[in-house]
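Me: Hi! I'd like to talk through this structure with you, starting with the overall picture and then moving to details.

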Amino acid sequence: MNDFVSPSALSPSALSTHKQHLSGGLQVQHVSKSFALKGAPLPVLEDIALTIAPGEFVAIVGASGCGKSTLLRLLAGLDTDYTGLLLHDGVPIRGTDLRRGLVFQDHRLFPWLTVQQNVAVAFSNTKVPLAERDARVAAEITRVGLDGYADAYPHQLSGGMSQRAAIARALVGRPDVLLLDEPLGALDALTRLRLQQELRRLWQDEGITMVMVTHDIDEAVYLADRIVVLDARPGKVRRVQEVPLAHPRQRGSAGFVAIRDGLHADFSDLDESNAPVAQEEHPSSLWDGNEWARRMAL
Ligand SMILES: Nc1ncnc2c1ncn2[C@@H]1O[C@H](COP(=O)(O)OP(=O)(O)OP(=O)(O)O)[C@@H](O)[C@H]1O
Ligand SMILES: [Mg+2]
């Protein structure tokens with residue numbers, strides 16, 4: 001089966017959706033980032049350059065520890081300590097912003113708040129009137145398929161439902177960019193496939209720019225317009241793979257398999273210097289989600 005779209009339709013915006021996208025463009029210009037490790041600088045990202053068109057779906061893959069989450073945190077505005085330039089629709093990213101929603105691998109909902117309250121956290125200290133907040137929260141809960149669970153607490157939800165609630169929290173601010181850090185990584189295979197389809201529909205219906213970190217190459221080929229392959233230590237763009245396949249994509253089709261196998265080959269040469277490294281203990285992985293929600297509330 002030939003599922004390639006014509007080369008004339010290869011531009012990201014043509015591939016993305018049928019909508020006209022006016023906002024949600026991201027630019028990463030010569031971005032480098034180091035952490036201090038035992039007093040010495042640990043370079044984590046080196047000279048990353050990437051332009052993401054409004055409405056585009058970009059996946060980021062790479063070995064564990066190569067800096068994928070770090071890059072996403074920079075794009076979110078959670079970390080502003082880097083060199084280079086990050087732009088959202090041409091404007092420098094200087095902190096968190098409701099226009100950039102963020103979803104983490106583990107949902108990181110506040111356990112003491114209900115689904116409704118967790119989603120509404122994004123509105124704390126904003127000027128959005130209460131009635132409008134309630135309506136928007138309810139609409140997002142419906143959109144992610146959690147009708148009837150607004151008053152449930154996180155421990156009363158399945159993993160997939162919690163992840164849906166986290167997606168609703170990221171969407172309620174009407175972002176034009178959704179940053180997803182392995183959002184489906186902790187889910188069982190069937191739930192994962194279902195949520196992949198839901199993310200695809202959401203992206204096609206809403207025209208939101210999506211930047212998704214994933215370890216799952218199949219997932220990246222299923223969803224993304226382009227797949228950025230990062231090298232490790234320090235994280236650098238090794239190459240960018242276009243995925244010029246029409247949606248919904250057929251995982252068994254020749255075009256799909258060819259791209260997937262090509263990406264797998266990228267990871268078959270992981271040698272000592274590029275192999276996944278043991279993660280240093282650092283607090284960010286523990287509190288990113290709630291920290292994001294808290295800062296959004298400031
Ligand atoms: N706050 C921090 N302080 C010190 N080092 C950090 C911090 N955050 C991340 N690092 C280090 O930066 C490197 C990249 O981490 P990052 O979490 O971005 O990797 P990743 O590609 O997302 O990995 P994984 O696929 O395992 O999630 C790692 O070596 C990690 O130990
Ligand atoms: Mg990570």
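Reply: Happy to! Helices (H or I, at least four residues) and strands (E, at least two) are DSSP runs, numbered from the N terminus. On that basis the protein chain has 9 helices and 10 strands. Please keep in mind that this is a predicted model: local features need pLDDT of at least 70, side-chain atom pairs count only at pLDDT 80 or more, and totals for chains, interfaces and linings use all residues. Residues are numbered from 1 along each chain as its sequence is written, while chains are lettered from A and ligands numbered from 1 in the order in which they are written.

Me: Thanks. What percentage of the protein chain do buried residues make up?
Reply: Buried residues account for 39% of its 298 residues. A residue is buried if 20 or more other C-beta atoms lie within 10 Å of its own, exposed if 12 or fewer, and partly exposed in between, with C-beta atoms placed from the backbone.

Me: Now the sheets. What is the strand order in the open sheet of 6 strands?
Reply: The order is β6-β7-β8-β3-β9-β10, with mixed pairing. Two strands pair if DSSP finds at least two bridges between them. β6 (100-103) and β10 (236-242) each have a single partner strand, so one side of each has no neighbour in the sheet. From one strand to the next, the twist averages 20°.

Me: In which sense do β7 and β8 pair?
Reply: β7 (residues 177-181) and β8 (residues 209-213) are parallel, with 5 bridges. One bridge pairs L179 with V211 in β8.

Me: Which strands does α8 lie across?
Reply: Helix α8 (residues 254-268) lies across β3 (57-62), β9 (226-231) and β10, and it runs at about 170° to β10. Axes here are lines fitted to C-alpha atoms, for helices over the stretch in contact, and angles run from 0 to 180 degrees between N-to-C directions. Two residues are in contact if their C-beta atoms, placed from the backbone, lie within 7 Å.

Me: And the open sheet of 4 strands, what order is that one in?
Reply: That one goes β2-β1-β4-β5, and its pairing is antiparallel. β2 (40-52) and β5 (91-92) are at the edges with a single partner strand each, so one side of each lacks a neighbour in the sheet. β4 (residues 83-88) is joined to β5 by 2 bridges, and H88 has V91 as its bridge partner in β5.

Me: Changing topic: how many residues of α2 are buried?
Reply: In α2 (residues 68-76), 8 of the 9 residues are buried, among them K68, R73 and L74. Just after α2, G77 has a positive phi of about 90°.

Me: Which residues are buried in α6?
Reply: R192, L195, L199 and W203 are buried in α6. They cover an arc of only 80° around the axis, which puts them on the same side of α6; the arc is that of the directions from the helix axis to the C-beta atoms. What covers the buried residues includes β3, α5, β8 and α7 (217-223). The face turned away from the buried side of α6 carries the exposed residues L190, R201 and D205.

Me: Last one: where does V144 lie?
Reply: V144 is in the loop between α4 (130-143) and α5 (159-171). V144 is buried, because 23 other C-beta atoms lie within 10 Å. Leaving aside neighbours within four places in sequence, V144 is in contact with R164, I167 and A168. The C-alpha atoms of V144 and A168 are 6.4 Å apart, although 24 residues separate them along the chain.
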